[in-house]
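Here is a short tour of a protein chain and its ligand. Keep the viewer open as you read, and turn the model along with the text.

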Amino acid sequence: MTELMVETHGLRRTFKGRGKTVEAVRGVDLRVAPGEIFGFLGPNGAGKTTTLRMLATLIEPTEGTALVAGADLRREPGRVRERIGYVAQGGGSDPGMTGRGELVIQGRLFGLARKEAERRAVEVLEALDLVEAADRTVGTYSGGMRRRLDIGIGMIHRPRLLFLDEPTTGLDPQARAHLWDEIRRLRDGGATIFLTTHYLEEADALCDSLAIIDHGLIVAEGTPIELKRAIAGDVVTLGLNGSTDGALNLLRSAPRVREAELSDGTVRLYVEDGDLALPELLRLLDGAGMPPSSISLHRPSLDDVFLRQTGRSLRDEAA
Ligand SMILES: Nc1ncnc2c1ncn2[C@@H]1O[C@H](COP(=O)(O)OP(=O)(O)OP(=O)(O)O)[C@@H](O)[C@H]1O
Ligand SMILES: [Mg+2]
């Protein structure tokens, strides 16, 4: 078996200040295989950045251990730092520098000789589709170009593991799709990518595997397909007028219905064979004098996974 790129045991971090203690990360076990795009999905304040900062040696864990890129996080932080790249949420390139200039400086910071740093900058500019903009100042770049440059800075020293904190936040759909392609290319070139996101679509489309984090704890993990498949069957959403209790009881005992739950006046049913269940459910409710005000059927999404585990919708929280 190949060694994991990241393996954590009981990683925990509390912040103390002004008489208040925040348990940002409350015991996280993660396994990231080499060569994959691993996604860390969760709402605001879930503990994503805190976890990433611990793994990148920027803050110390309160408890727990981790192996990062083959080195022990606590005993060999210097070795971890040599082997990883880290791009912070929001990035931070100097608007007065050119893209090429920024890359060369960062390369030299990592100990490359000038000629070598220049050569490496060209490679990175090509890899991230920034050749045409290389000699313009960063202040003239679009948001997507800036994010690509940030990623370039993170990979200038050819790290085997690259941490990207919310790489696509604030980008328009086209720039986001472009960045996804670049991230996939980095993976295909052999790097392991560990990114955070609160976009469901991004986690689904981009990540080979992912962990969903909420309030500092992992609530689900697996490939996007596995996670969605764990919600067996389809999801029916029903709007009801009047009494929901009676309807809920009725629906719970209906054939094909595995589970029924109520949130914000909407009933969610997890059903087998949704196409067949839909007309049956309509007949059942009509017959009982409780016709629904709306009804819809869909295949499970990652949001359903999140809802199932937390009782809240990640879509609502992101909005
Ligand atoms: N330096 C700090 N001091 C005190 N509390 C902190 C500190 N850093 C983070 N926290 C708290 O820890 C929790 C987790 O924050 P974190 O930044 O890890 O979340 P996140 O998942 O990255 O959220 P977002 O999606 O908004 O970036 C939050 O409640 C946050 O307020
Ligand atoms: Mg964050």
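## Starting at strand β7

Four bridges join β7 to β8, and the two strands run parallel. Strands and helices here are DSSP runs, numbered from the N terminus: a strand (E) has at least two residues and a helix (H or I) at least four. Two strands pair if DSSP finds at least two bridges between them. One place to look is Val87, which stands opposite Leu164 in β8.

Which residues of β7 lie on one side and which on the other? Ile84 and Tyr86 are on one side, Gly85 and Val87 on the other, and all are buried, so both faces of β7 are covered. Buried means that 20 or more other C-beta atoms lie within 10 Å of a residue's own; exposed means 12 or fewer, partly exposed is in between, and C-beta atoms are placed from the backbone. In a regular strand the side chains alternate between the two faces of the sheet.

## About the model

This is a predicted model, in which local features need pLDDT of at least 70, side-chain atom pairs count only at pLDDT 80 or more, and totals for chains, interfaces and linings use all residues. Residues are numbered from 1 along each chain as its sequence is written, while chains are lettered from A and ligands numbered from 1 in the order in which they are written.

The chain has twelve helices and 15 strands, and its C-alpha trace spans about 80 × 45 × 45 Å along the principal axes. Of its 319 residues, 38% are buried. The domain assignment, which comes from an automatic or database source, gives domain 1 (6-223) and domain 2 (232-299). Their C-alpha centres lie 42 Å apart.

## The six-stranded sheet

Strand β7 belongs to an open sheet of six strands with mixed pairing, in the order β7-β8-β9-β4-β10-β11. β7 (84-87) and β11 (217-222) are the edge strands; each has a single partner strand, so one side of each is left without a neighbour in the sheet. Neighbouring strands are turned by 15 degrees against each other on average, direction ignored. Axes are lines fitted to C-alpha atoms, for helices over the stretch in contact, and angles run from 0 to 180 degrees between N-to-C directions.

Contact means that the C-beta atoms of two residues, placed from the backbone, lie within 7 Å. Helix α1 (residues 48-55) lies across β4 (37-41), β8 (161-165), β9 (192-197) and β10, running at about 150 degrees to β8.

## The four-stranded sheet

A second sheet, also open, has the strand order β13-β14-β12-β15 and antiparallel pairing. Its edges are β13 (257-263) and β15 (292-298), each with a single partner strand, so one side of each is left without a neighbour. The twist averages 20 degrees from one strand to the next.

Six bridges join β13 to β14 (residues 266-271), which run antiparallel. Within this pair, Ala260 has Leu269 in β14 as its bridge partner. Helix α9 (residues 244-252) packs on the sheet, touching β12 (234-240), β13 and β14, with its direction at about 160 degrees to that of β13.

## Loops worth a look

Arg18 lies in the loop between β1 and β2. Its phi is near 45 degrees, a positive value in a residue other than glycine. Is Arg18 buried or exposed? Arg18 is exposed, with 5 other C-beta atoms within 10 Å.

Arg158, in the loop between α5 (143-154) and β8, also has a positive phi, near 55 degrees. Arg158 counts as partly exposed because it has 16 C-beta neighbours inside 10 Å.
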